Amino acid sequence: MRTVPDTFHGDREDSRSLRIEMNRDSKAIEVSKVSKSFGDVEAARDVSFEVKSGEIFGLIGPNGAGKTTIIRMLMEIIKPDSGEVRILGEPLRESTKNRIGYLPEERGLYKKLTVIDTLSYLSSLKGTSGSATRQRATTLLETTGMLPHQYKKVEELSKGMAQLIQFVATILHDPELVILDEPFYGLDPVNTRMLKDMVSELRKQSKTIILSTHMMNEVEELCDRILMIDKGRSVLYGDLSEIKARYRTDSVFISVDGELGPIDGVVTMKNHGTHYELLLDGKTSPQRVLADLVNRNVTVNRFEVATPPLSEIFIRVVRGQTE
Amino acid sequence: MVRPIDLLRQGRKNELWLMCCGFVDLSIDQFMAIQNRLLLEQLELLKASRIGTKVMRGAMPETVEEFRKEVPLTTYRDYCPELQERREYVLPSKPIRWIRTSGYSGTYDIKWVPWSGRFEAELEKALAACAFFATSRYRGDINHVREHLKVLHTLGGPEYGSGAMGELLQRSLGFDFLPSKREELPFAEKVKAGFAEALHEGLDAFGGLSSVLVMVAEQMQQPKDVDVGFLTAHPKALLRLARGLARARLANRAMLPKDLWDLKAIIGGGTDSAVFKKKVEGLWGKAPLEIYGGTEGGVCATQTWDHSGLTFFPNINFLEFIAEDEHLKWQLDHSYVPKTMLLDEVKPNQNYEIVITNFHGGALARFRVGDMIRTISLRNEESRINLPQMVFYGRADYVIDIAGLGRLTERIIWEALENTGVPYIEWTARKEILGERAVLHLYIEPRHVNGIAERDIAKSFSRELQKLEKQYHHNPYNIYDSDSDVAAEAGLRQVEVTLLPQGAFLNYISQRQAEGADLGHLKPPHISPTDKTLAALAPQSSPGRGAAVTPPR
């Protein structure tokens, strides 16, 4: 895996923390009761949410849920039929536009242009150019492993490589708000990991990030808060850890030295080879199980309260609503 | 705020189509929901402004229903002297520019109308939509527009509605206007310079009067000396000319403009585009896209990729419609307050006077533009557009109503004249009383005088008018007409033709220019010219043999 160079890191950790602290309460995006229909299809219905400055916000849901429509309304590409959107404290304006980096679902690079010319062209559209931009482009290309391809035409790149170039173009002008629509689509696992690292790095620089994806499990590790949508409606919204705690199952993953004898309150014990999965009876807490094991002097190498992946939570939420 | 040019430059074509043309996917309920929401936003601005409280006569409507019930219909007079004196502090929002308009019939020679920044931003998208529709062959076809398309400029200056919209379109999609240096050039010179430049630079699109395209094509077919110096200096032009000649030879006919240029789009407004549609398509290889709009409301409606009925934009103006019978009642008695309908209430194959309320901080509320439109259907089945389709019918006060001939608009008269094949430079027409008989009197400046008799033209014109009857001759509310059967028996005698001397219209324009008239007043109107105008057109002859009949205004 490629590492992220220092030059991309921006400010040091302490000052980053300070900036995040300062911006904690400010809202990068406020969406209030937004609806949008296309013919008979309701792409968004009464959707409301806020994105706080400095967080990674996940806009998640299956394909066709309305994520891209919501993003397009944020960017004023389409107007909501009703409702209000405020970006960086105001309705989207010409002056706000260049403070945003937007990776659209529709990738539109010019095939005949070289990578470096593409970046130069797209950054000029954002009003940035000159040696500092060129230096930043070089750094980002290096980070993404695309530097050797800088003089290739876009049509010579693989889909995944083109995707990385588009991502670089999105953040090249150092925007404070980054909106990424399906950024991992078409990427191999190595590039997906690298892109995730870069997104995490952006957060460390106090950037606000909206991550829209149907690959819900891919963003779990990144997001602070999420909006889960289905068929244009908001089905789940809030702090990711709270949501996961709310939907946690009564089971724990455990790895111990030696054999694991019977434990009070455990209904089922599955041996997965490297670890056990214990299903609790609903009255017994995971903490009590851990205390029991410690009291029995069992060496515990891993103890993890199982939380369902987002995709499973989604299915449970949608099923619950249907029922 | 993302603008069309941002998406065009980034090659995001699907988003571009959605942004600009997505309104054609709306249902009528969704269309009305947008109309209502934007009207409520506008009402707040109007209520907080001096001009708003003035024209609403103190009404403070909170709903669309209250607005329609409590706010009177307005004309430009209601906004004076504030708009006339361009008082910005009275407006609902700060204008980004003032647009001037003119009319023959109004009290004010020049009317000023403010456009707000938000209004312009929405117009930009609407105009981009027109450009996409003009070039597209099917829904979502957005592959023919790119930045720096070469567009011939035949519009007014930026202080005029057409010029301002041209400027917005240029900003919206990054067109290059030809001629590149056009300031200070008189109209004819500008067109000439534009085509000369197009010969070597190429020409992708045209916006303006379709009659200009016909005129240029006709001039091309007239034998003239070749400017060898120009061609030598511009080898690209020479190449284009050679290619054009080769194409024409292959087709075994004289060279036409379509042999020289492959136009992607022709955009024009109202009557002009409708009348010359077939002719322009034959000469230039592309039919003009008809849009409807004006200074007061920007662009209000457009044809789409199928070049048939026009679809209204939901987000530029709040739209109300006065049915023709209501309009006629008001014509007879100006104290009568005509009822209005909304777009979801209009019926097919009816004429309506259009009433607009500007959105986005504009100044005009329930404003009678003075135009009649005709709804041709409630949806476009073939292109799957579920919104009422309309055509521009004519100026509400530019209808000549003659017993036996019906209600004649500029478009019908123009089409009939075109169809006669009579070569003409220009024309104007009005209702006159000859003896006890009401006639349509056509004043025509022929292209040449040899062998054309006024009586023959009148006969031919009447025949063409009858042919158009099926298409246009509907006269359900002809309340002026009490003896139509008797009058119809008079037949062809209801049309009189007077041929004007050569140069009549050019002399008129020169005279008006010398008098300092602005662009909007240079040409005489096609319909109902005054005695003074006719006298200026033909001082030597004695036109206007009958007494002019002016419709009530």
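Residues are numbered from 1 along each chain as its sequence is written, and chains are lettered from A and ligands numbered from 1 in the order in which they are written. Because the model is predicted, local features need pLDDT of at least 70 and side-chain atom pairs count only at pLDDT 80 or more, while totals for chains, interfaces and linings use all residues; side-chain values use heavy atoms, with hydrogens and water left out.

## The two chains

Chain A has 12 helices and 13 strands, and chain B has 20 helices and 19 strands. Helices (H or I, at least four residues) and strands (E, at least two) are DSSP runs, numbered from the N terminus. The C-alpha atoms of chain A fill a box of roughly 70 × 45 × 40 Å along the principal axes.

Of the 323 residues of chain A, 50% count as buried; for the 553 residues of chain B the figure is 59%. Here buried means under 20% relative accessible area, exposed means over 50%, and partly exposed lies in between (1.4 Å probe, protein chains only). Chain A exposes about 15400 Å², with 48% of it supplied by carbon and sulfur atoms. The accessible surface of chain B is about 23100 Å², and 52% of that belongs to carbon and sulfur atoms. These areas come from the Shrake-Rupley method with a 1.4 Å probe; for residues, only the protein chains shown count as cover.

Contact means heavy atoms within 4.5 Å. Among contacts in chain A between residues at least 6 apart in sequence, 70% join residues at least 24 apart. In chain B, residues 24 or more positions apart account for 67% of the contacts with a separation of 6 or more.

## The interface

The contact between the chains takes 22 residues from chain B and 24 residues from chain A. Together the chains bury about 2100 Å², 48% of it on carbon and sulfur atoms; buried area is the accessible area (1.4 Å probe) that two parts lose on being put together, summed over both. M1(B), R12(B) and E15(B) supply 28% of the area that chain B buries against chain A, more than any other three residues.

Three salt bridges are counted between chain B and chain A. A salt bridge is a side-chain nitrogen of Lys or Arg within 4 Å of a carboxyl oxygen of Asp or Glu. There are also 10 residue pairs in polar contact across the interface, both residues at pLDDT 80 or more. A polar contact is a pair of N or O atoms within 3.5 Å; within protein, one must be able to donate a hydrogen and the other to accept it, and residues adjacent in sequence count only if both atoms are side-chain atoms.

On the side of chain B that touches chain A, the elements giving two or more residues are α1 (4-9), α2 (13-21), α3 (28-47) and α6 (117-135) of chain B. The largest share, five residues, comes from α2(B).

## Salt bridges

Over all chains the count comes to 52 salt bridges. The table gives some of them.

| Pair | N to O distance |
|---|---|
| E122(B) and K79(A) | 2.4 Å |
| K112(A) and E155(A) | 3.1 Å |
| E221(A) and K196(A) | 2.9 Å |
| E353(B) and R368(B) | 2.6 Å |

E353(B) in strand β11 (residues 350-358) and R368(B) in strand β12 (residues 367-377) of chain B are 15 residues apart, and both are buried. In chain A, K112(A) is exposed, with a relative accessible area of 59%, whereas E155(A) is partly exposed at 40%. E221(A) is partly exposed at 45%, and K196(A) is buried at 5%. A network of salt bridges links R3(B), R97(B), E120(B), E124(B), E167(B) and R171(B).

E426(B) is in strand β16 (residues 424-434) of chain B and is buried, with a relative accessible area of 12%. A polar contact of 2.9 Å joins the side chains of E426(B) and H526(B).

L440(B) belongs to strand β17 (residues 437-446) of chain B and is buried at 0% relative accessible area. The C-alpha atoms of L440(B) and R430(B), 10 residues apart along the chain, are separated by 5.9 Å.

T118(A) sits in helix α5 (residues 115-125) of chain A and is buried at 3% relative accessibility. Leaving aside neighbours within four places in sequence, T118(A) is in contact with L109(A), Y110(A), L113(A) and V154(A).
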